[in-house]
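Visitor: I would like to learn how to read a fold from its coordinates. Please take me through one case.

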Amino acid sequence: MRVVDLIDIKKKGGVLSNEELDFLLDNYLSGKVPDYQMSAFLMSVYFNGMSDDELSYFTLKMRDSGDTIFFDNMEKYLVDKHSTGGVGDKVTVVLGPLLAAVGMATTKLSGKGLGHTGGTIDKFESIDNFKFSSTKDELVNIANKTGVGIMGYSDKIVPLDKKLYSLRDVTATVDSIPLIASSIMSKKLAVQSDLIILDVKVGDGAFMKTIEDARELSRRMVNIGNSLGRKTIAVLTNMEEPLGLNIGNSNEIIEGIEALSGNWSNDLKEVVYTLVYLALKNKGEVSNFSEAEKIIDKAISDGAALDNMRKFIKMSGGNENIVDDYKLLPTAENKLKVVSNYSGYVNKIKAENIGKAAMVIGAGRATKDDIIDHAVGITLYKKVGDFVNKGDILAEIQYNSSKSIEISKKMVLDAYILVDKKVDNKKNILEIIE
Ligand code: URA
């Protein structure tokens, strides 16, 4: 077998057999296939795609290139919720303790934020001394005791994805739907769960800008999961404005705690309730949304969800009293109110602009080695559909250094698109694919 022949097959739109994929990928991982040949292969996939079976096997090869995390002592129904990345996306912060309160457990790997999107690891690291599990035993222990098992990605998990992603980054092949699908799913399949729920964000602030692309990515990921015996559901959610009211790190933890206390922004509530409903339905506990709603409402009103948050923070080394006293979290020194120059209805809040406005004041990373400031962020006072008078506050920027504050303010102002006509209620859940 020669690599050049395999590239040629893909170049002409053919399908590689499992043996051919074994040959290509094993030799690439061991360094025998050079980057220039793999680059040609990736570009052929970019143009010609992959069949469903080919993609499932490709994903399995990626998954099996490194360590996997499977448990023999986990009693609970395990849910892995993954987001394709959004702005103000604190769903994991809320969902973990809530799923635990309704009798399930989360087991998942989470990442740090990059660019205009935030990461779960950064948000929780706002809490002094907070440390995520770094071994499988720690993950099992914390998931069994608190129902929330979240671990950071390590280089040992799916090393083939790491190698291929670096190459895709410099060969303009990141935005290939089959390559994105296999990259995400290889990491999901590396950790045991009973159900994978993919929150596929759609819109301005998301990786997938159009519903068509989001649908295709979802279909491919759901097919990979289900074909490999892992129940997988994709929920397409709106990212035409940031999710919830806060963008940053410690302010998103606060918003998450408020949500677990019953104080929600409507969009965050709709997304979280839908995900918990799907988990309860797949576990076989409910048959419709209103049954799930009653169970979720109770877990919030009786304090069970919030208690799980306390337990999770405490077992992770952090001070659980932050739940009752936000002053124990990092707080920015300065605040700037961004005021509207016009009147009108908010039609859109460009999520990418807001994410970048938070990034330039230090809430996010422009490059992966940047140090972030957990205290800073943005709070939205107006959301899509709201009416704004000239002079009303649109948002507040919490900042420490004034170096980029004017740039940030301009980005926030530019993000708000106002129109004269009343704006219809937007949909937060766009589609569910399973
Ligand atoms: N996220 C991933 O993990 N991989 C991709 O290729 C794109 C987004």
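Guide: We go from overall dimensions to a sheet and then to aromatic pairs. Keep in mind that this is a predicted model.

Visitor: What radius of gyration would a compact globule with 434 residues have, and what does the protein have?

Guide: The rule for a compact globule gives a value near 22 Å for 434 residues, and the protein has 22 Å, so the two agree. Along the principal axes, the C-alpha trace spans about 70 × 45 × 40 Å. Of the 434 residues, 55% count as buried.

Visitor: How many helices and strands does the protein have?

Guide: There are 16 helices and 13 strands. As for contacts between residues at least 6 apart in sequence, 78% of them join residues at least 24 apart.

Visitor: How should I read a sheet, and in what order do the strands of the open sheet come?

Guide: In general, strands of a sheet pair through backbone hydrogen bonds, in parallel or antiparallel fashion. Here four strands make an open sheet with antiparallel pairing, in the order E6-E9-E11-E7. Strand E6 (246-248) and strand E7 (334-339) each have a single partner strand, so one side of each has no neighbour in the sheet. On average, neighbouring strands are turned by 15° against each other, direction ignored.

Visitor: How many bridges join strand E9 to strand E11?

Guide: Four bridges join E9 (residues 377-380) to E11 (residues 393-399). In one of these strands, E11, Ile397 is the bridge partner of Ile378.

Visitor: Which strands does helix H11 lie across?

Guide: Helix H11 (residues 250-260) lies across E6, E9 and E11, at about 140° to E6. Helix H15 (residues 351-360) also packs on the sheet, where it touches E6 and E9, and its direction makes about 140° with that of E9.

Visitor: How many aromatic pairs are there, and why is the pair of Phe130 and Phe312 edge-to-face?

Guide: The count is eleven aromatic pairs. Planes over 60 degrees apart count as edge-to-face. The planes of Phe130 and Phe312 stand at 70°, with ring centres 5.5 Å apart, so this pair is edge-to-face. Phe130 sits in the loop between helix H6 (120-124) and helix H7 (136-146), while Phe312 is in helix H14 (residues 304-315), 182 residues apart. Both residues, Phe130 and Phe312, are buried. Ring pairs link Phe124, Phe130, Phe132 and Phe312 into a cluster.

Visitor: Is Phe387 buried or partly exposed?

Guide: Phe387 has 38% relative accessibility and therefore counts as partly exposed.

Definitions and conventions
Residues are numbered from 1 along each chain as its sequence is written. This is a predicted model: local features need pLDDT of at least 70, side-chain atom pairs count only at pLDDT 80 or more; totals for chains, interfaces and linings use all residues. Side-chain values use heavy atoms; hydrogens and water are left out. Two strands pair if DSSP finds at least two bridges between them. Helices (H or I, at least four residues) and strands (E, at least two) are DSSP runs, numbered from the N terminus. Axes are lines fitted to C-alpha atoms, for helices over the stretch in contact, and angles run from 0 to 180 degrees between N-to-C directions. Contact means heavy atoms within 4.5 Å. The radius of gyration is taken over C-alpha atoms; the globule rule is 2.2 Å times the number of residues to the power 0.38. Buried means under 20% relative accessible area, exposed over 50%, partly exposed in between (1.4 Å probe, protein chains only). Rings of Phe, Tyr and Trp (its six-membered ring) pair if their centres lie within 6.5 Å; planes under 30 degrees apart count as stacked, over 60 as edge-to-face and the rest as tilted.
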